[in-house]
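Please report on the aromatic contacts and helix packing in this protein. Keep it brief.

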Amino acid sequence: MPVPPGLPVPVITPAVRGWGRCQMPGSLSTALRVVGTSLFAVAVLGGILAAYVTGYQFIHTEKHYLSFGLYGAILGLHLFIQSLFAFLEHRRMRGEGQPVRPGRSVALCIAAFQEDPDYLTKCLRSVKRIAFPDLKVVMVVDGNGPDDTYMLDIFRDVMGSERSGSYIWKSNFHEQGEGETEAGLREGLARVQALVRSNTYSCILQKWGGKREVMYTAFRALGDSVDYIQVCDSDTVLDPACTAEMLRILEADPHVGGVGGDVQILNKYDSWLSFLSSVRYWMAFNVERACQSYFGCVQCISGPLGMYRNALLQQFLEDWYHQTFLGSKCSFGDDRHLTNRVLSLGYRTKYTARSKCLTETPTRYLRWLNQQTRWSKSYFREWLYNALWFHKHHLWMTYESVVTGFFPFFLIATVIQLFYRGRVWNILLFLLTVQLVGVIKATYACFLRGSAEMIFMSLYALLYMSSLLPAKIFAIATINKSGWGTSGRRTIVVNFVGLLPVSVWVAVLLGGLAYTAYSQDLFSETEVAFLVSGAILYACYWVALLTLYLAIVARRCGKRQEQCGLVFAEV
């Protein structure tokens with residue numbers, strides 16, 4: 001695939017420095033990297049599987065009431081290494097401050113679909129406050145009916161009419177609208193492109209086609225008219241410095257093809273679910289993605305805040321749009337696949353916590369569950385695609401993909417095994433271990449963020465075990481089912497399908513409890529002591545965390561004036 005002028009050829013890039021500096025023919029070097037990476041992936045998976053199956057234990061008490069084994073050591077070491085490199089990346093971020101070269105052009109593309117008017121207004125007001133000269137803004141609305149025009153009205157009110165233009169398009173780039181002639185379609189295509197390129201601010205309402213269609217329209221209309229393209233969702237409030245901070249990363253290293261920022265929660269205190277999502281978001285971005293960024297292999301640049309080299313984006317635009325999986329056209333996971341396309345060319349992807357935004361998250365359980373299921377679908381699908389390019393990047397990408405990709409299956413096997421082993425202590429010990437790991441991770445997050453609020457991250461472990469774990473399996477089973485996954489925010493549509501895997505999972509666990517209760521022998525004095533001590537410890541944990549939650553968080557929930565903790569949220 002040819003590389004656009006002005007961009008380096010990604011044959012041996014900093015992303016693959018781990019393979020050494022010896023010179024050899026390109027085809028042989030690639031073949032060796034493919035073989036080496038494949039063997040490394042098999043070794044990692046085989047090592048974890050062997051540790052899990054053999055159950056080798058370093059130390060244990062009599063009758064194995066307590067033990068510490070090889071599998072637990074591997075997972076503990078993984079968390080330690082991940083946290084270490086995340087810390088090092090944050091230290092590196094604090095040193096990034098070189099000014100951005102003048103003359104670079106950036107376009108901000110906003111994808112909108114049945115957006116809540118309040119969120120859209122906040123989004124556009126924050127866009128107008130971005131501290132970047134001549135920033136071009138393109139908002140494309142997925143829908144052109146009477147129920148969608150309110151978004152155009154909001155756009156005009158906020159952005160003004162002097163430097164903005166708008167167009168209600170009967171069609172889109174790939175589907176002709178009702179009553180649209182061929183001549184009208186060609187005229188519409190030309191008009192959309194002319195509108196976007198000639199106006200600083202432009203808004204297009206087009207025939208419904210999904211988020212990827214909306215993004216495609218903005219990218220295709222811009223063409224090669226700008227150097228960089230920033231993406232944003234219509235429920236996102238942007239920090240004034242977000243554009244300059246991401247551009248600084250891309251300008252500093254020509255081998256970086258895309259960069260993402262720190263996505264936090266706008267409606268943090270709307271409910272207990274949105275609050276737990278907020279601490280989980282921080283952990284995902286500032287530990288997991290920060291670690292990936294250290295090695296230049298961030299695997300998903302999120303839709304609310306990301307930036308790409310436009311020359312690269314235009315190069316794979318058609319392949320990105322026409323992506324298929326198992327014979328079906330893909331209509332979700334747009335941002336993850338966009339990131340994957342950058343990685344496929346050998347370019348690095350980065351994360352910077354200096355670029356920030358706030359975005360909406362579901363406040364109700366069913367909508368959150370549907371969102372997580374959709375994200376899990378795209379994760380597993382893109383995992384397979386991502387594996388094709390392991391050899392082009394640091395070995396960390398291979399290692400982490402194997403560990404995180406297979407971890408849910410090991411965890412499910414562990415839960416079922418413990419619940420059906422016929423010992424009450426095994427179940428209680430598992431629950432204690434889950435919360436202990438959660439507390440350790442939360443404590444580290446408190447240190448890294450400098451906020452005691454992160455201690456509630458340990459509560460998310462229960463949500464993961466009870467809901468997200470079965471949702472991942474359901475996502476694999478329904479991986480080709482398309483759609484936006486979550487409804488528009490103006491009208492919330494309840495979808496009960498997501499409850500099916502959770503109900504099955506709960507039934508499996510209750511069956512295990514019933515079997516254990518039936519099979520449990522009489523308790524010995526030692527076992528009674530462990531059970532009582534463990535139950536008291538577990539109860540104390542929940543009493544302490546719930547008391548803190550009620551004292552610190554619950555009193556804020558529902559108070560809209562306290563929803564945003566960042567200065568730029570006040571728009």
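## Charges over rings

The charged end of R381 sits over the ring of F332, 4.9 Å from its centre. K472 lies over the face of Y379, 6.0 Å from the ring centre. A charge counts as over a ring if NZ of Lys or CZ of Arg is within 6 Å of the ring centre and within 35 degrees of the ring normal.

This is a predicted model: local features need pLDDT of at least 70, side-chain atom pairs count only at pLDDT 80 or more, and totals for chains, interfaces and linings use all residues. Residues are numbered from 1 along each chain as its sequence is written, and side-chain values use heavy atoms, with hydrogens and water left out.

## Aromatic pairs

The structure holds 34 aromatic pairs. Rings of Phe, Tyr and Trp (its six-membered ring) pair if their centres lie within 6.5 Å; planes under 30 degrees apart are stacked, over 60 edge-to-face, and the rest tilted. Two of the pairs are tabulated here.

| Pair | Class | Centre to centre | Angle between planes |
|---|---|---|---|
| F219 and W320 | tilted | 5.7 Å | 50° |
| Y269 and F275 | stacked | 6.1 Å | 20° |

The pair of F219 and W320 links distant parts of the chain. F219 is in helix α6 (residues 211-222) and W320 in helix α9 (residues 310-321), 101 residues apart. Helices (H or I, at least four residues) and strands (E, at least two) are DSSP runs, numbered from the N terminus.

F219 has 1% relative accessibility, so it counts as buried. W320, at 0%, is also buried. Y269 is buried at 4%, and F275 at 0%. Buried means under 20% relative accessible area, exposed over 50%, and partly exposed in between (1.4 Å probe, protein chains only).

F85, Y294, F295, W396 and Y399 form one aromatic cluster.

## Helix packing

Which residues of helix α4 (residues 149-159) are buried? They are Y150, M151, L152, I154, F155, V158 and M159. Their cover includes β3 (106-112), α3 (117-128), β4 (136-142), β5 (164-168) and β6 (201-206). After α4 comes G160, with a positive phi near 85°.

The axes of α11 (residues 365-386) and α12 (residues 395-419) come within 11 Å and cross at roughly 145°. Axes are lines fitted to C-alpha atoms, for helices over the stretch in contact; angles run from 0 to 180 degrees between N-to-C directions. Y379, F380, W383 and N386 of α11 meet M397, S401, V402, T404, G405, F406 and F409 of α12. Contact means heavy atoms within 4.5 Å.
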